[in-house]
Amino acid sequence: MGNGAYTLADWVVNEQIVVKRNPHYWDNAHTTLDEGVFLALTTENSDINRYRSSGTDMTNSVVPPDMFKKLQQALGDEVKVSPLLCTFYYEINNKKALFDDVRVRSALKLTLDRDIIAQKIMGQGQISAYGLTPPFIHGISLNTPAWAQQTQAQRNAAAKQTQAQRNAAAKQLLAEAGFNAQHPLRFTLLYNTSEQNKRQAIAAASMWQKNLGAQVTLQNQEWKTLLETRHQAQFDMVRLGVRITTSHPASSICC
């Protein structure tokens, strides 16, 4: 049952959803399609390959960065890039002893090069984020943190210095979590299964290893499983995102 332009006609879990034109819709005269079929494709590559072989009429898939420019050249204006009020971020489980020291979290924050991830790893017009609310929301004026104006080299140096100065307190916390001077910072980064998310996670882990000597284990789960893992707080760090439905700053707070 629905009051929109289409009603549900068929739903096969993990296969497809079929919607039919709703003759009772108030503006049915201007509805142009009689039927829509939404396919449950598991990877971005299979989605794009199906589109290119005329198996689908359109796709809303995230284009893998290594294919993006090639597709732009091959398909021209069929490849469309539109703004999206969405912010992706890594959430730290600060209930765990390893992360309940703000200085440990700050070191990770400062040594994550957002510019490389946004411009090189994602590379489709994304911008670096320093908060949950996108900067192009109507009427907003954001306060960018002072460290955002620093070069990545300056951030790395500051993070290392802070890490050195807080060794005594941090070592005590790490010891309570089962670590000591002979065992470097170790944690698991969880992300939902996707080639794009995997590339970002590999880049982030590499930055933390290079700049802090951290040893990061990568783990991926399907979206529903990941949400349950987060709900149960059985994670160290997890990739999440917030998508804003209206161009108002309060939307990111509500989400």
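Among contacts in the protein chain between residues at least 6 apart in sequence, what percentage join residues at least 24 apart? The figure is 59%. The model is a predicted one, and its protein chain has a mean pLDDT of 81. The chain holds nine helices and seven strands.

**Confidence**
- A pLDDT of 70 or more is reached by 79% of the residues in the protein chain.
- Over residues 161-174, pLDDT stays under 50.
- For residues 161-174, the model has twelve contacts beyond four places in sequence.

**Burial and surface**
- The protein chain has 255 residues, and 35% of them are buried.
- Its accessible surface comes to about 16,300 Å².
- Carbon and sulfur atoms account for 51% of that accessible surface.

**Largest nonpolar core**
- The largest nonpolar core has 22 residues, of which Tyr 90, Phe 187 and Trp 208 touch the most other members.
- Two or more residues of this core come from each of α3 (102-110), α4 (114-122), β5 (186-192) and α7 (195-212).
- The largest share, six residues, is given by α7.

**Another core**

**Contacts of Phe 187**
- Leaving aside residues up to four places away in sequence, Phe 187 touches Leu 98, Phe 99, Leu 108 and Trp 208, among others.

Conventions:
Residues are numbered from 1 along each chain as its sequence is written. This is a predicted model: local features need pLDDT of at least 70, side-chain atom pairs count only at pLDDT 80 or more; totals for chains, interfaces and linings use all residues. Side-chain values use heavy atoms; hydrogens and water are left out. A nonpolar core is a set of buried Ala, Val, Leu, Ile, Met, Phe, Trp, Tyr and Cys residues joined through side-chain atoms within 4.5 Å. Buried means under 20% relative accessible area, exposed over 50%, partly exposed in between (1.4 Å probe, protein chains only). Helices (H or I, at least four residues) and strands (E, at least two) are DSSP runs, numbered from the N terminus. Contact means heavy atoms within 4.5 Å. pLDDT is the predictor's confidence in each residue, from 0 to 100. Accessible areas come from the Shrake-Rupley method with a 1.4 Å probe; for residues, only the protein chains shown count as cover.
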